[in-house]
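I opened this entry to note what I looked up, one item at a time.

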Amino acid sequence: MPRTMLDKIWEKHLVHSQDQQPDLIYIDLHLLHEVTSPQAFEGLRIAKRQVRRPDLTFATVDHNIPTTDRSLPIHDHLARTQIKALRENAKDFGVTLYDVDSAEQGIVHVIGPELGLTQPGMTIVCGDSHTSTHGAFGALAFGIGTSQVEHVLATQCLTMDKPKSMQIKLIGNLRSGVSAKDVILGIIARIGIDGGSGHVIEYTGNAIRNFSMEERMTICNMSIEAGARAGMISPDDTTVNYLLERIELTDIGDPSSIIDNWMNLPSDEGATFDRVIEIDANSLEPCVTWGTNPEMSIPITESIPDPQEADSTEARDAMQRALHYMDLEPGTPIQRVSIDRVFIGSCTNSRLSDLQVAATIVDGKQVNKDVKAMVVPGSTSVKKEAEELGLDKIFLDAGFEWRESGCSMCLGMNPDILSPGERCASTSNRNFEGRQGRGGRTHLVSPATAAGAAIAGHFVDIREWLD
Amino acid sequence: MKPFTSHTGQVVPLNRTDVDTDQIIPKQFLKRIERTGYGEFLFYDWRRKTDGSPDPTFCLNRERFQEGSILVAGKNFGCGSSREHAPWALMDYGFRVVISSSFADIFKSNCYENGLLPIELSEKATVRLLTLAEKEDCSVTVDLLAQHVIDGQGWKEEFWVDPSVRDSLLKGLDRISHTLSLEEHIKNYETGRDA
């Protein structure tokens, strides 16, 4: 019977299954960070348990570390305590830690692929919902809570029911100037913030095939914003070439059989998905969110929607609340909305190609005098590569701040936050109330749109600049 | 984990949809290294006005909901981040049950791990509870064994929970111990894939 990629990965990782019970599946790669792991290690200590496979477990610090001078002590003593706890836990349990001063440090979902840890066919977990990012390699990767982190540390397994499968088919080709971020925002606007609940989404179609690995990571990263358990894209030559630059296949086995295994992962012809959604790629445009969840977005050419036109009372109330929080009036063209801050970073859009796109736009221009803009590379290695290409200089000359890597203002657990009322064009993944700082107003956009907004001081249709 | 069999309590209506975990517990409170002490930070921003003073209109601040232990909210409750601090905060505050027409996947599984019961009722039943609790004192009994919610006036709604989840909630099972009891299977799997 033809199988989906999800079927194949699930079956390969099945340790035990029993009627009326969830499956026990094996986890190939477990990534840890400082915020969701301390209680899990504490649980191990109390129960006198060990980490079963320290060799499959890797940790880094990203969520609450400062992005300013790292040679200085961290002021926030709670953040300091969490980082110290991770250091002790990694040492005591024999887990590799990419610490603040390591050349490999970075946002956990940026360094996994970068270091070649993320590979096709794997099961990957992390105590972070954006673990879906790694699905770009044809892996089954999903976020878990701290109790499950403890479960995986102790057993290298998880008990869970197999999620349902959903295929999102992008039909046709993208128009020029439409980025991966615009595609995923467009998908979420169509299927809704809970449209993928209970499902693993596999993205297919030409437009997806034409994306680079970094663009595919942006797509899979935001699968969770559609409520999906995970997102995945089947491996192809693009995937293999990316990996060959990062790993020695001979270190893990026979190169030709490894590649054969990867290439056998794509869903079989005729495989059945629980749901199939087709989206016309040509209909997608650069997007900006106007509300307080990632579903609330519009194409850059449109105006703020009117709650009176909502389908239900619930939807109307939610829109009104969002517009009130965002301080926006229905009918205002989004391009007339001015901004105070720009954040280019996060596990969604902080990789080298994201910074290159933004740098091309700001090169030789100046950040608007009313805007404060910053670039936070996704990893220490991305930062180094960008500096070798002179991107830091382009950003600094234009008036951007150029920071050390970390999650930074995506969730504002470190000092990088918005002040109440500030409006930010952000390349991150969530525009929830207060996400970037209490009272802060977040508009999710692509790196190109964020760069354009930094220069113009308001949202712009970046396609007009590229012509 | 605290076992859950049956719970009777007052309903607190939170009439909002897509309540995300950033609202349930904002990020500045995720820096602790303990599992407890999050209750006072539950819905921190929604409990306060812009100037920081308590917002008397928010459900948790209203006098008559002070004893509430069953939260009812609109669809897709718990969307967003995987932070288990969300169920920790709800439980630490005093909630034992959350009722909604749907829950986000990770939030739901985090609840199960902690003995907080997320119950999916029909949209009609959820709206009924939201409306009723807003108007008058509304108490219900949530019976996990019988898998239903009832009030004193003959209203009854059945709900479904995965049988294995139900079993471990009823017994308050340590799920790690259960997996460790399958050690032989894990070992065989590891040997088989290395071969």
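**Notebook: strands, helices and a chain contact**

I began with a strand pair: β9 (residues 164–171) of chain A and β10 of chain A pair in the parallel sense over 6 bridges. Pairing here needs at least two DSSP bridges between the strands. Helices (H or I, at least four residues) and strands (E, at least two) are DSSP runs, numbered from the N terminus. I noted that Met166(A) stands opposite Ile201(A) in β10(A).

This is a predicted model, in which local features need pLDDT of at least 70, side-chain atom pairs count only at pLDDT 80 or more, and totals for chains, interfaces and linings use all residues. Residues are numbered from 1 along each chain as its sequence is written, while chains are lettered from A and ligands numbered from 1 in the order in which they are written.

**β10(A)**

Next I checked burial. A residue is buried if 20 or more other C-beta atoms, placed from the backbone, lie within 10 Å of its own. In β10 (residues 199–204) of chain A, 6 of the 6 residues are buried, so the strand is largely enclosed by the rest of the structure. Both faces are covered. His199(A), Ile201(A) and Tyr203(A) lie on one side, and Val200(A), Glu202(A) and Thr204(A) on the other.

**α6(A) and α8(A)**

I then looked at two helices. The axes of α6 (residues 180–191) and α8 (residues 213–221) of chain A come within 9 Å and cross at roughly 25 degrees. That makes α6(A) roughly parallel to α8(A) (angles under 35 degrees count as such). Which residues of α6(A) and α8(A) make the contact? I found Ala180(A), Lys181(A), Val183(A) and Ile184(A) from α6(A), and Glu215(A), Thr218(A) and Ile219(A) from α8(A). Contact means C-beta atoms, placed from the backbone, within 7 Å.

**Chain A against chain B**

The contact takes 53 residues from chain A and 43 residues from chain B. On the chain A side, the largest share, 7 residues, comes from α5(A).

**α3(B)**

Last, I turned to chain B. In helix α3 (residues 105–114), 9 of the 10 residues are buried, so this helix is largely enclosed by the rest of the structure. Among the buried residues are Phe107(B), Cys111(B) and Tyr112(B). I asked what the buried residues of α3(B) pack against. The partners include β7 (140–143) and α5 of chain A, and α2 (85–93) and β4 (117–120) of chain B. Gly115(B) follows α3(B), and its phi is positive, near 75 degrees.

Notes:
Axes fitted to C-alpha atoms, helices over the stretch in contact; angles between N-to-C directions. Parallel < 35°, antiparallel > 145°, perpendicular 65-115°, else oblique. Contact = placed C-beta atoms within 7 Å. Buried ≥ 20, exposed ≤ 12 C-beta atoms within 10 Å, placed from the backbone.
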